[in-house]
Amino acid sequence: MIEFELNGTKQRLDVDESMPLLWALRDVLKQKGTKFGCGKGLCGACTVHINGQPMRSCSLPISSVQGLKVTTIEGLSKDASHPVQQAWTELNVAQCGYCQSGQMMSAAALLEKVKQPSEQDIVKAMQGNICRCGTYPRIKQAIKLAADLAVEVK
């Protein structure tokens with residue numbers, strides 16, 4: 001039995017301990033916001049937060065989150081009011097949208113650590129998230145806007 005917290009709610013799953021967290025989220029818990037990309041933890045589409053740190057859920061066995069807090073895009077906010085979600089919407093960042101939940105989770109983790117990130121901070125934090133549509137300039141703009149929005153909220 002694996003026990004962890006998902007988006008603020010306790011979960012108990014009786015699944016194979018080697019099941020990737022991504023499949024537990026999508027297939028067992030029906031949280032479809034986290035996407036399958038490469039399946040090797042290289043593209044970032046499956047990024048979630050584990051105790052606040054961005055991690056690739058496709059290559060992480062469910063047993064590794066025992067007792068930990070997992071946050072998915074669904075848990076970033078209940079009403080899309082998180083500054084990253086607001087900035088993404090305001091700047092129409094998404095094109096096909098497939099990688100965007102992973103992009104936003106990485107961006108949110110960056111802004112938790114660095115309130116006003118530099119261009120270099122953004123590039124470094126986001127380098128593991130691939131966007132096949134090439135929305136990188138809008139992603140960078142959105143992260144800067146989200147940082148400003150977060151300051152306005154406080």
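The dialogue below sets values against definitions.

Tutor: This is a predicted model, in which local features need pLDDT of at least 70 and side-chain atom pairs count only at pLDDT 80 or more, while totals for chains, interfaces and linings use all residues. Residues are numbered from 1 along each chain as its sequence is written, and side-chain values use heavy atoms, with hydrogens and water left out.

Student: What makes strand 1 and strand 2 a pair?

Tutor: Helices (H or I, at least four residues) and strands (E, at least two) are DSSP runs, numbered from the N terminus. Two strands pair if DSSP finds at least two bridges between them. Five bridges join strand 1 to strand 2, so they pair, and they run antiparallel. One of the bridges links Ile2 to Leu13 in strand 2. The two strands form a hairpin with two residues between them, and Asn7 in the turn has a positive phi of about 50 degrees.

Student: Why are strand 2 and strand 4 called edge strands?

Tutor: The open sheet has five strands in the order 2-1-5-3-4, with mixed pairing. Strand 2 (9-13) and strand 4 (53-56) each pair on one side only, and therefore they are edge strands. Neighbouring strands of this sheet are turned by 40 degrees against each other on average, direction ignored.

Student: Why is Leu111 called buried?

Tutor: Buried means under 20% relative accessible area, exposed over 50%, and partly exposed in between (1.4 Å probe, protein chains only). Leu111 has a relative accessible area of 10%, and therefore it is buried. This residue is found in helix 4. Leaving aside residues up to four places away in sequence, Leu111 touches Val84, Pro117, Ile143, Ala146 and Ala147.

Student: Which residues of helix 1 are buried, and what covers them?

Tutor: The buried residues of helix 1 are Leu21, Leu22, Ala24, Leu25 and Arg26. Their cover includes strand 1, strand 2, strand 3 and strand 5. Lys30, which follows helix 1, has a positive phi, near 60 degrees.

Student: Which residues of helix 3 are buried?

Tutor: In helix 3 (residues 83-90), the buried residues are Pro83, Val84, Gln85, Ala87 and Trp88. Just after helix 3, Asn92 takes a positive phi of about 45 degrees.

Student: Which element supplies the largest share of the lining of the largest pocket?

Tutor: Helix 4 supplies that share, with five residues. Strand 4, helix 4 and helix 5 (119-126) each give at least two residues to the lining.

Notes: Axes fitted to C-alpha atoms, helices over the stretch in contact; angles between N-to-C directions. Contact = heavy atoms within 4.5 Å.
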